[in-house]
Amino acid sequence: MSQDFFLKYIIVGNTSVGKSAILHRFIKNDFKSDTIATVGVDYKARNINVEDKSIGLMIWDTAGMEAYRSFTQAYYRSSAVAIFVYDITKKETFTAIPGWIQLIRQNCPDNPHLVTVIVGNKSDLEQQRAVDSTEGDKMAKEHKSLFFEASAVTGDNIDEIFEKAAQQCFEKYKDGDIDITNDTFGFLLGPRQLEICSTGGETSGCSC
Ligand SMILES: Nc1nc2c(ncn2[C@@H]2O[C@H](COP(=O)(O)OP(=O)(O)OP(=O)(O)O)[C@@H](O)[C@H]2O)c(=O)[nH]1
Ligand SMILES: [Mg+2]
C-alpha cells in the first residue's frame with residue numbers, strides 16, 4: 001500500500017502500565033497476557049486512513065524500566081505524537097505522568113506542535129480503580145492533551161487513541177502549522193504525495 005504521509009509516534013510511561021499490550025492490540029487486535037517487560041525499544045507500523053489520506057504510523061514502544069531511561073531517550077526526538085500511559089489501578093503511575101511529559105518536551109524542544117495523548121489503561125479492572133477518570137481528564141486539560149481510558153484486554157478505545165492523534169496531526173498540517181521539510185515535526189511525505197508533488201499534480205495540502 002502506498003502512503004500519503006508517515007507519522008512518528010512514541011509510547012511512554014512507567015513499567016507494566018500496558019504500553020506493549022496497547023500496541024499489540026492496535027497492530028494485531030489481540031491480547032497476550034504473557035508479555036515480558038520491553039528491553040530498550042520496540043517498533044511496529046500500521047496504516048490508517050484519515051479523510052481521504054493513507055497514513056503510515058511508525059510507532060516506537062519504549063521500556064518503562066528506569067534502567068533503560070538513558071537509552072530510550074534517544075528515540076524521543078522528532079516525534080509527531082507522544083502517548084503517555086498510566087494504569088488506572090496504580091496511582092503512582094498516574095502521578096508520574098507530568099514527569100514523563102516534561103521529559104518528552106525536553107527531548108522535542110523544536111516541535112511546538114507535538115500532539116500528546118494521556119491514556120488510563122486497564123479500564124477493564126474497574127473494581128481495582130485507584131485513579132478517577134475525572135482526574136485523568138483534568139490532567140489532560142492542563143497539558144492540552146487528548147484523553148482516553150482504554151483496555152488492551154477488551155480493545156476498548158485502543159484504535160481511537162491512535163486515530164484521534166493522527167487526525168489532530170492532519171488538522172495541524174492542513175492549518176499550515178507543520179513544515180514538511182523539517183523532520184523534527186515527525187511528519188514525512190509518503191510515496192504517493194511525493195509522486196503528486198514531483199509531477200506537479202494536485203497539491204492540496206502540500207507545502208512543496
Ligand atoms: N487487566 C489488564 N491487564 C493488562 C492490560 N494491558 C496490559 N495488561 C497486563 O499488564 C502487564 C504489563 O503489560 P505490558 O504491556 O508488558 O506493560 P509495559 O508498559 O509495556 O511494560 P514495560 O515494557 O516494562 O515498560 C502484563 O501482565 C499485561 O498482561 C489491560 O488493559 N488490562
Ligand atoms: Mg513494554
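This is a predicted model: local features need pLDDT of at least 70, side-chain atom pairs count only at pLDDT 80 or more; totals for chains, interfaces and linings use all residues.

Mentor: Strand 1 (residues 5–12) and strand 4 (81–87) run parallel and are joined by four bridges. Residues are numbered from 1 along each chain as its sequence is written, and chains are lettered from A and ligands numbered from 1 in the order in which they are written.

Back to the pair: isoleucine 11 has isoleucine 83 of strand 4 as its bridge partner. Strand 4 also runs parallel to strand 5 (residues 115–121), this time with seven bridges, and alanine 82 stands opposite threonine 116 there. Strand 1, for its part, is joined in parallel to strand 3 (53–62) by seven bridges, with tryptophan 60 as the partner of isoleucine 10.

Strand 3 then pairs with strand 2 (41–50) in the antiparallel sense, over 10 bridges; there, alanine 45 stands opposite methionine 58. Strand 2 and strand 3 form a hairpin with two residues between the strands, and glutamate 51 takes a positive phi near 50° in it. Glutamate 51 counts as exposed because it has 10 other C-beta atoms within 10 Å. The cut-offs are these: 20 or more other C-beta atoms within 10 Å of a residue's own make it buried, 12 or fewer make it exposed, and anything in between is partly exposed, with C-beta atoms placed from the backbone.

By that count, seven of the seven residues of strand 4 are buried. Val81, Ile83, Val85 and Asp87 point one way, Ala82, Phe84 and Tyr86 point the other way, and all are buried.

Follow Phe84 next. Leaving aside neighbours within four places in sequence, its contacts (C-beta atoms, placed from the backbone, within 7 Å) include Ile97, Trp100, Ile101 and Ile118. Ile97, Trp100 and Ile101 are buried residues of helix 4 (residues 97–107), as is Ile104. They cover an arc of only 100° around the axis, so they sit on the same side of helix 4; the arc is that of the directions from the helix axis to the C-beta atoms. Gly99, Gln102 and Gln106 are exposed on the other side. What covers the buried residues of helix 4 includes strand 1, strand 4, helix 3 (91–95), strand 5 and helix 5 (133–142).

Ile118 belongs to strand 5, and it is buried because 27 other C-beta atoms lie within 10 Å. Apart from neighbours within four places in sequence, it is in contact with Phe84, Ile97, Gly136, Met139, Ala140, Ser145 and Phe147.

Now the nonpolar core, meaning a set of buried Ala, Val, Leu, Ile, Met, Phe, Trp, Tyr and Cys residues joined through C-beta atoms within 7 Å. The largest one has 51 residues, of which Leu7, Val81, Ile83, Phe84 and Cys169 touch the most other members. Its largest share, eight residues, comes from helix 6 (residues 158–174).

Helix 6 also turns up beside helix 1 (residues 19–28), whose buried residues pack against strand 1, strand 2, strand 3, strand 4, strand 5 and helix 6. Eight of the 10 residues of helix 1 are buried. Asparagine 29 follows helix 1 with a positive phi near 50°, and it counts as exposed because it has 10 C-beta neighbours inside 10 Å.

Helix 1 also gives the largest share, three residues, of the shell around ligand 1. That shell has 21 residues, with Gly18, Ala21, Ala37, Thr38 and Gly64 coming nearest; a residue is near a molecule if its C-beta atom, placed from the backbone, lies within 6 Å of it.

Technical notes. Two residues are in contact if their C-beta atoms, placed from the backbone, lie within 7 Å. Two strands pair if DSSP finds at least two bridges between them.
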